[in-house]
Amino acid sequence: MKGFLISFEGIDGSGKSTQARKLYEFLKEEGYEVSLYRDPGSTPLAEQIRELIINYAMDPITELLLFESARSSLVWEKIFPDLTSGKIVIVDRFIDSTTAYQGYGREINLGTVSILNHIATRGRKPDLTFILNLPLELALHRLKEQKTKFEEPNYLKRVRDGYLQIFYSEKERDIRLIDASRSEEEVFEEIKTITLGKLKVL
Ligand SMILES: Nc1ncnc2c1ncn2[C@@H]1O[C@H](COP(=O)(O)OP(=O)(O)O)[C@@H](O)[C@H]1O
Ligand SMILES: [Mg+2]
């Protein structure tokens with residue numbers, strides 16, 4: 001498969017959506033064919049699943065399966081066709097969110113999470129992943145009132161540590177740990193440089 005898949009990861013408030021949008025706009029300006037999606041979401045079905053996850057209290061496994069269903073829909077209906085036509089695809093959250101939140105955070109068996117990630121994505125991994133890393137206090141401060149059910153501090157600490165575990169353990173992938181405590185512009189400068197470097201050698 002041609003194309004290039006970039007994922008943005010990190011806890012809520014780390015700046016994923018901000019940076020994913022900036023990279024999308026920048027690459028479009030540069031003349032690249034590029035799409036921007038959010039996971040869960042970005043297909044009618046996946047957006048409905050996203051609403052279910054937000055609006056219902058549920059056990060961790062039900063939640064995990066809904067996340068994977070939404071991902072499967074996004075991968076099959078949008079990401080695969082785009083990659084096949086040679087586009088750059090940017091996703092705001094992807095497989096590592098499930099490993100960090102459902103695996104490390106909710107403490108579901110990591111092997112189980114990994115198998116379900118593999119099923120939902122048909123084994124397609126991102127070509128480049130940015131983990132936006134910042135201290136919990138700073139993320140919570142940035143979010144202020146917009147807290148969701150995923151933001152209790154102890155749970156979030158496991159999630160943040162989970163992202164670091166992913167960074168240190170998945171050596172076969174290209175994962176970049178980005179210091180997200182800097183200004184939007186400084187963070188973007190690094191992301192832009194890394195991305196252009198990767199695209200040039202394709
Ligand atoms: N580098 C930054 N410094 C300060 N505030 C930021 C920075 N990046 C994003 N923000 C702000 O923090 C909040 C969360 O950013 P957002 O991109 O939505 O994060 P995420 O998608 O990871 O939850 C937003 O209000 C955003 O404007
Ligand atoms: Mg966001």
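The model is predicted. An unreviewed UniProt entry lists a "binding site" from which Gly-13, Ser-14, Lys-16 and Ser-17 are among the residues named. These four residues are also found around ligand 1.

**Annotated binding site**

- The UniProt record, which is unreviewed, gives Gly-10, Ile-11, Asp-12, Gly-13, Ser-14, Gly-15, Lys-16 and Ser-17 under "binding site".
- From this set, Gly-10 and Ile-11 belong to the lining of the largest cavity.
- Lys-16 is part of helix H1, which spans residues 16–29, and Ser-17 lies in helix H1 as well.
- Lys-16 has a relative accessible area of 6% and is classed as buried because this value is under 20%.
- Ser-17, at 45% relative accessible area, is partly exposed.
- With neighbours within four places in sequence left aside, Lys-16 contacts Phe-8, Glu-9, Gly-10, Ile-11, Asp-92, Arg-93 and Leu-132.

**Ligand 1**

- The residues around ligand 1 include Ile-11, Asp-12, Gly-13, Ser-14, Gly-15, Lys-16, Ser-17 and Thr-18.
- Arg-142, Arg-182, Ser-183 and Glu-184 are also among the residues around ligand 1.
- Helix H1 gives the most to this shell, with three residues.
- An oxygen atom of ligand 1 lies 2.8 Å from a backbone N or O atom of Gly-13.
- For Ser-14, a backbone N or O atom is 3.3 Å from an oxygen atom of ligand 1.
- In the case of Arg-182, a backbone N or O atom lies 2.8 Å from a nitrogen atom of ligand 1.
- On its own, ligand 1 has 560 Å² of accessible area, and the protein covers 71% of this.

**Backbone features in loops**

- Asp-39 and Pro-40 are joined by a cis peptide bond, with omega about 0°.
- Pro-40 sits in the loop between strand S2 (34–38) and helix H2 (44–55).
- Arg-93, a residue other than glycine, has a positive phi near 80°.
- The loop that holds Arg-93 runs between strand S3 (88–92) and helix H4 (95–105).
- Arg-93 counts as buried, with 13% relative accessibility, and this residue is one of the contacts of Lys-16.
- Arg-122 is not a glycine either, yet its phi is positive at about 55°.
- Arg-122 is located in the loop between helix H5 (110–121) and strand S4 (128–133).
- The relative accessible area of Arg-122 is 38%, so the residue is partly exposed.

Definitions and conventions
Residues are numbered from 1 along each chain as its sequence is written. Chains are lettered from A and ligands numbered from 1 in the order in which they are written. This is a predicted model: local features need pLDDT of at least 70, side-chain atom pairs count only at pLDDT 80 or more; totals for chains, interfaces and linings use all residues. Side-chain values use heavy atoms; hydrogens and water are left out. UniProt positions are given in the numbering used here, feature names are shortened, and annotations may be inferred rather than shown by experiment. On a 1 Å grid over the protein atoms alone, a cavity is a set of points where a 1.4 Å probe fits but cannot get out, and a pocket is an open set with protein on both sides within 12 Å along at least five of seven lines; lining residues have an atom within 4 Å of a point. Helices (H or I, at least four residues) and strands (E, at least two) are DSSP runs, numbered from the N terminus. Buried means under 20% relative accessible area, exposed over 50%, partly exposed in between (1.4 Å probe, protein chains only). Contact means heavy atoms within 4.5 Å. A residue is near a molecule or strand if one of its heavy atoms lies within 4 Å of it. A polar contact is a pair of N or O atoms within 3.5 Å; within protein, one must be able to donate a hydrogen and the other to accept it, and residues adjacent in sequence count only if both atoms are side-chain atoms. Accessible areas come from the Shrake-Rupley method with a 1.4 Å probe; for residues, only the protein chains shown count as cover.
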